[in-house]
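Let's take a friendly walk through this fold, beginning with a pair of helices and moving on to the sheet.

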Amino acid sequence: MSFRERHHMLDAGDVTLHAVEQGDGLPVVMCHGFPGLWYSWRRQLPALAAAGYRAIALDMRGYGRSSRPPSPRAYDRRHTVADLVGVLDALGIDEAVFAGHDFGAALVWDLPQWAPGRVTALIQLSVPRMPVSKRPPTEFYARMAEQHFVHVHYFQEKGPADEELGAEPARFLANVFWALSGGYRYLDIWQHPSEGNGYLDVLPEAPPLPWPWLSQDEFAFYADEFRRTGFTGGLNWYRAYDHVWNEKQSRPDEPVTVPTLFLVGERDPVLQMMGSAALKQMETHVPGLRDVHIIDGAGHFVQMEAANEVNKAMLAFLADL
């Protein structure tokens, strides 16, 4: 059975958000990261719908057909949590399962605390729950950048990264998708210095498409969208890091007690940087953690690279709720 995609432009307060849904039943709201779109969940939408769930994938603020506020402050927790509550309200949903990937996972980790009563469970990809750092994140990344090229540090200044990525969106997307995938060792770019380098200078040149997990037509969808929108909205999520950190100084993280599933590719650079200790720490920070799946061979874009394994784990977790 096929399920028709339903596209919505939702009033979420200070922004309009584009949502795509399939199916009916328990709502599952999916939040992408960088450089993603609702389309990053294209292999989860029909699988969830076929299993009897209402699958909803968003273009996060700054991306795709959603509003793209110009100020980084508009991407802090107050605004981004309000986005997700606004989506639920606009769709007439009291409570939902939330799935997040990359910065979408970082936001979703905060939802049970920041939007109590609206979260049934969490399905988190790639980014484990970690304690708030003792100093602003930009200080940490600036120190790292003294020795290595660090993309988060490079993204902080408005202008150079926006122009570099926007000038060659297809080349950037192909190279960053490949570099972060299981086909490459992303940490090799740390061999390059920050001084005098842009992101395209340090990324590997991607092999020709198609790849096992990304067709030419699928890639063209991303390239067309970012060619139209540019990257400033997406980069503003990184430029909001210190704003989020400041918010949490007066509202420190609480343990995540709702049922939670965590999925990560075995070759994901986030896992390689943080190590197994980060997964162990979640036993303390996420007492609701039900299961952890480390998926062999997959890199950062695990929901695309290993869609069948991700879908199977998601559906097993949802069936147990």
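In helix α6, Ala161, Asp162 and Leu165 are in contact (heavy atoms within 4.5 Å) with Thr232, Leu235 and Arg239 of helix α10. The residues of this contact comprise three nonpolar, one polar and two charged; Ala, Val, Leu, Ile, Met, Phe, Trp, Tyr, Cys and Pro count as nonpolar, Asp, Glu, Lys and Arg as charged, and the others, Gly among them, as polar. The axes of α6 and α10 come within 10 Å and cross at roughly 145 degrees. Axes here are lines fitted to C-alpha atoms, for helices over the stretch in contact, with angles from 0 to 180 degrees between N-to-C directions.

This is a predicted model: local features need pLDDT of at least 70, side-chain atom pairs count only at pLDDT 80 or more, and totals for chains, interfaces and linings use all residues. Residues are numbered from 1 along each chain as its sequence is written, and side-chain values use heavy atoms, leaving out hydrogens and water.

| Helix | Residues |
|---|---|
| α6 | 160-167 |
| α10 | 232-239 |
| α2 | 77-90 |

Helices (H or I, at least four residues) and strands (E, at least two) are DSSP runs, numbered from the N terminus.

Now for the sheet. Eight strands form an open sheet in the order β1-β2-β4-β3-β5-β6-β7-β8, with mixed pairing. Because β1 (6-11) and β8 (289-295) stand at the edges with a single partner strand each, one side of each has no neighbour in the sheet. Strands β3 (residues 26-31) and β5 (residues 96-101) pair (DSSP finds at least two bridges) in the parallel sense over four bridges. Val28 has Val97 in β5 as its bridge partner.
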